Each structure stands twice: as C-alpha cells, then as structure tokens.
Amino acid sequence: GVRLRSGLANGTYTVTYRVISADSHPVSGGFTFSIGAPSKVLGVPAGLGGGSTAVGMALGTARFVNYLGVVVGIGGLVFFILWPAGRRDRAARRLTVAGLMTLFVGSAAAFLLEAPYAAGTGFGSMFDAGLLSTIANSHYGVALIGRLITLAAALAIYRRLLRQSGWIYAVLVASVALPVADSFAHTGHSAVHDSNGVALLSDAAHVLAASVWL
C-alpha cells in the first residue's frame with residue numbers, strides 16, 4: 001500500500017503503477033482522484049505503455065533459446081538411456097553438452113532481461129541491483145535460479161555422469177531432467193492456474209515429453 005502525502009493541495013492527481021503479476025508478466029495502469037474540486041487534466045500520463053519493444057523481443061528470443069536447449073540437452077541425456085553407446089560418441093557428447101550450456105545461458109539471459117521487462121525500461125536496467133533483487137524473490141526468479149543451479153551441477157559432473165552404469169545413470173539424469181522440466185512450468189501461466197498442482201504437472205510432463213521425443 002502507498003499512503004497519500006500529507007498536505008496535498010486541492011486539485012486532481014494522477015496515479016500510475018506497474019507491477020509484476022504472478023505469471024511474470026508486467027501489468028500497468030493508472031487512475032485519477034481529486035481533492036476538493038476536480039481540476040482540468042491535460043495530456044496522457046507517461047508510464048502506461050508496454051515497455052521497451054527491444055527488451056520484449058530479446059526476452060522472447062531467450063525463451064526460444066531455452067526451449068532449444070532443453071530439447072538438445074535434456075533430450076540428449078535421456079536418449080543416452082536408450083542408446084548407451086552414444087555416451088562414447090564424441091559428436092553426441094558434444095551436442096548434448098552444447099544443449100545444456102545453451103539452456104544455461106538462455107536461462108541466465110531470461111533472468112537478467114526480466115528486470116527491464118518488468119520495470120518497463122531499457123537494457124540499461126539489466127544489472128540494476130534493486131530490480132534483480134525483486135526478480136530473485138519472485139516465483140519466476142526462484143524457478144530460474146533453481147534451474148541454473150541444477151544445470152551448473154549437471155555440467156560440473158557431465159563427464160563423470162556419462163561413465164555411470166545403466167540404472168545409476170538413469171537416476172542421475174532424472175534428478176536433472178525433472179527439476180528442469182518443473183522449472184519451465186513454474187515460469188509460465190500454469191503456476192497461477194486455479195488447479196495449479198495439476199497444471200504444473202501437466203506442463204512439466206509436456207516439456208519433458210517433447211524434449212525426449214524430439
């Protein structure tokens with residue numbers, strides 16, 4: 001809540017706001033109120049637009065890169081369960097690790113770009129400490145940070161992971177694939193659905209199934 005300042009003079013005041021909704025999208029608007037007698041309002045208040053078009057396009061690109069990374073990276077790890085010999089194939093190993101790195105970079109970019117996107121500003125706000133703190137404490141930010149930690153751990157043990165025996169490898173891959181798929185669900189609209197438990201499960205299963213199939 002924002003309280004009115006004391007000692008406001010008679011006249012009409014315009015209030016504008018921009019907040020981050022639960023599904024990570026910014027919502028902006030405005031309204032007027034009068035004290036005493038209403039006065040004539042001139043012009044249109046600033047700050048009610050959709051923000052920077054370039055930032056929006058960059059964030060959309062980052063999300064596309066994330067989907068590409070999850071298909072190649074997570075899909076590749078799962079495919080090695082069906083094709084164990086692929087873990088000894090240099091090209092297949094490189095392709096899969098490239099997918100995981102692409103997903104990591106795309107997720108980091110999506111986290112940083114969410115700051116100017118939510119605030120309706122330009123790229124200069126990507127590293128604003130106050131905005132990034134707000135994003136980090138949001139549902140969207142927590143999901144992305146969890147994904148980045150999971151991917152960092154997977155990349156750190158990647159070579160050792162590929163040398164594990166069948167069932168141990170499968171369990172370790174599941175411990176990476178499931179949290180990553182779940183993070184996609186938690187950064188979308190399913191996180192705020194009335195039946196969000198079912199929606200989150202459905203969304204995560206969809207992302208994982210698409211990655212494995214492709």
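V27 sits in strand β2, strands being DSSP runs of E with at least two residues and helices runs of H or I with at least four, both numbered from the N terminus. The model is a predicted one, in which local features need pLDDT of at least 70 and side-chain atom pairs count only at pLDDT 80 or more, while totals for chains, interfaces and linings use all residues. Residues are numbered from 1 along each chain as its sequence is written, and side-chain values use heavy atoms, with hydrogens and water left out.

With 38% relative accessibility, V27 counts as partly exposed (buried is under 20% relative accessible area, exposed over 50%, partly exposed in between; 1.4 Å probe, protein chains only). Together with Y17, V19 and F31, V27 makes up a nonpolar surface patch of about 350 Å² accessible area. Such patches take residues with over 30% relative accessible area and no salt bridge, joining like charges within 9 Å and nonpolar side chains (Val, Leu, Ile, Met, Phe, Trp, Tyr) within 5 Å. A salt bridge here puts a side-chain nitrogen of Lys or Arg within 4 Å of a carboxyl oxygen of Asp or Glu, and areas come from the Shrake-Rupley method with a 1.4 Å probe, only the protein chains shown counting as cover for residues.

Over to the helices. The buried residues of α4 are Y140, G141, A143, L144, R147, L148, T150, L151 and A154. Their cover includes α1 (53–82), α2 (90–119), α3 (129–136), α5 (158–162) and α6 (166–186), contact meaning heavy atoms within 4.5 Å.

R147 also turns up among the contacts of N66, which touches L103, G106, S107, A110, R147 and F184, leaving aside residues up to four places away in sequence. N66 belongs to helix α1 and counts as buried because its relative accessibility is 3%. A polar atom of the N66 side chain lies 2.8 Å from the backbone nitrogen of S107.

F184 comes up again with V207, which touches V70, A181 and F184 once residues up to four places away in sequence are set aside. V207 is in helix α7 (residues 196–213) and is buried, at 6% relative accessible area. V207 and V70 are 137 residues apart in sequence, yet 8.3 Å apart in space, C-alpha to C-alpha.

G99, in helix α2, is likewise buried, with a relative accessible area of 4%. Its contacts, again not counting residues up to four places away in sequence, are G69, V72 and G73.

Note on methods. Polar contact = N/O pair within 3.5 Å; in protein donor to acceptor, adjacent residues only side chain to side chain.
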